[in-house]
Amino acid sequence: MALALLVAVSAAPGKSAAQEIMAGLSHHAIGITADFVGTEILVFGAIESEGDIVVVVRGPRREVVVRKKAPVFGIWVNAQSAVFRSVPGFYGVASTRPLGDIVDADMRRVMEIGIDGLRLEPADMEPSVRDEFRAALIEVKQAEGLYPVEPSTVSLSGGRLFRATIALPADIPVGTYAADTFLIRDGEVVAAQSSPLIVSKAGFGAEIYNFAHRESEFYGIAAVIAAVIAGLAGNLLFRRT
Amino acid sequence: MFQIYLPIAEMSVDIFLLLGMGGAVGFLSGLFGVGGGFLMTPLLIFIGVPPPVAVGSEVNQVVAASVSGFMAHWRRRQVDFKMGGVLIAGGVLGSIFGVWLFGILRQIGQIDLVISISYVVMLGAIGTLMLVEALRTILRRRSGTNVRRKAHVHHWGHGLPFKMRFRTSRLYISAVLPITLGFVIGILAAIMGVGGGFFLVPAMIYLLGMPVGVVIGTSLFQITFVTATATFLHASSTQTVDVMLAGILTLGAVFGAQFGTRVGAELRGEELRGLLALVVLGVCLTLLWRLVAEPASLYSLSPTGFH
């Protein structure tokens, strides 16, 4: 990804990329606490020259299995499956105009702009199967709200200052996100900037999660002890009855 | 309104919904003297908790529910510790096997299916038996006849090798029977997140021939240790135990159970048991429907590489 960005930007004509666009995030870390119900992230900045702006917020990549159910003796059972090696856990886009009006399909694929441009790196499979499972994966992610269907808009004031909000739902995966901002003119990416965003579990929930995953044996013992204490406490509390 | 994030299930749920579910199932368990795990796990699946997490967390909650009952029976000296120990030995082996199987099924993407089918079969069987039993009792009471049952029947199983003497139960039987029984219960605990009392209690009475007085206490003794083992194994190998979820359910269940016990003392048994049978069959049919109805989405996603 970084390489593709570099190539595309250096191939673009004009001034040096760094000065053309400056972007920042409202926060660089999001903590998922016990009462987390989702949040919004504000991407803002300024551009030096005319152009369209696209903001892409992308979650950590993971290998994902897509399973398809089929009826076996009247019961719906997971049958066929397909592996995609590099699936972003979240993918949200904002742009000044509809993406199709800003960049063509080839450039969207090169820069991974827009859901149809995502490279999910499918494992070896028939092209027809790959397309079916790719579409299914995106559909499920959209239904979960992790690949927002409706793109957000980037509002541009005075032709120089821009801002966009991207909503993150309650069950976003944890990990390192990237908020990439592109300045696009005549279908070419003129400048780009990437800002990291860390999403992690915070508070009591994070401690439980980390405990459960890092020291599983002790967590198991603690879970048993907690249950025994709760049971004994309940027993003592109502003993007189 | 008061959403709480469950760290292992990785979802937000209304805390009062969980407390209410814990209270309702606790009420039923107090009313009928059942563990309630077999109702809680399907309910958790219905509200969207991933089935593996529902199982891992519920088995943790059953530890709390059964230790409390075990203490009460221990005080009244209604526990056969030797028999319980043999059952636990089988149960620990069963839960090791069950958790291992659980991990493999999860890896090949069939764990949700196996959990659902196990529940449909088990709830269907228990619900039907309970309903028949309740109807028979009601009919018998109306016709006024009274049938006497023999206390303890000898059968081929008692003659197997490795005989052991169980003084508290006044039995001299082969250890193969309780170990096998414990093993089956261990598998049920690991795969379904239940204590298995609904299966263990009748098996102890009819299969082992134990006196009724020590059966409940001994079964709770075994369930406490086997569910504790299953909790530990799930926590360390499948990471599906959500202590937050189990804790909230336990809190609701402790109060529900007290209320249920009091109500149960004043109400008549058979009609209530018939009602519980209908609830069990209702849950069974709902699960069955989810298996046979064409799903809203044919596709599902899961990360690879469970350990």
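Colleague: What stands opposite V64(A) in β5(B)?

Modeller: P303(B) stands opposite V64(A). This is a predicted model, in which local features need pLDDT of at least 70, side-chain atom pairs count only at pLDDT 80 or more, and totals for chains, interfaces and linings use all residues. Residues are numbered from 1 along each chain as its sequence is written, while chains are lettered from A and ligands numbered from 1 in the order in which they are written.

Colleague: Why are β6 of chain A and β5 of chain B called edge strands?

Modeller: The open sheet has three strands in the order β6(A)-β5(A)-β5(B), with antiparallel pairing. β6 (75-88) of chain A and β5 (299-303) of chain B each have a single partner strand, so one side of each is left without a neighbour in the sheet. Neighbouring strands of this sheet are turned by 25 degrees against each other on average, direction ignored; the axes are lines fitted to C-alpha atoms, for helices over the stretch in contact, and angles run from 0 to 180 degrees between N-to-C directions. Within chain A, strand β5 (residues 61-72) is joined to β6(A) by ten bridges, and R62(A) has V87(A) as its bridge partner in β6(A).

Colleague: How many residues of chain B are in contact with chain A, and what does contact require?

Modeller: Two residues are in contact if their C-beta atoms, placed from the backbone, lie within 7 Å. By that criterion, 47 residues of chain B are in contact with 50 residues of chain A. The largest share of the chain B side, nine residues, comes from α3(B). That side divides into 27 nonpolar, 18 polar and two charged residues. Here Ala, Val, Leu, Ile, Met, Phe, Trp, Tyr, Cys and Pro count as nonpolar, Asp, Glu, Lys and Arg as charged, and the others, Gly among them, as polar.

Colleague: Why is α3(B) described as largely enclosed by the rest of the structure?

Modeller: A residue is buried if 20 or more other C-beta atoms lie within 10 Å of its own, exposed if 12 or fewer, and partly exposed in between, with C-beta atoms placed from the backbone. In α3(B), 20 of the 25 residues are buried, so the helix is largely enclosed.

Colleague: How do you know that the span of this helix agrees with expectation?

Modeller: The expected span is 1.5 Å times one less than the number of residues. For the 25 residues of helix α3 (residues 51-75) of chain B this should give 36 Å, and the end C-alpha atoms are 36 Å apart, which agrees. R77(B), which follows α3(B), has a positive phi, near 55 degrees.

Colleague: Why is L156(A) called partly exposed?

Modeller: L156(A) has 17 other C-beta atoms within 10 Å, and is therefore partly exposed. L156(A) lies in strand β9 (residues 155-157) of chain A. Residues up to four places away in sequence not being counted, L156(A) touches I53(A), T96(A) and F162(A). The C-alpha atoms of L156(A) and T96(A) are separated by 7.4 Å, although these residues are 60 residues apart along the chain.

Definitions and conventions
Helices (H or I, at least four residues) and strands (E, at least two) are DSSP runs, numbered from the N terminus. Two strands pair if DSSP finds at least two bridges between them.
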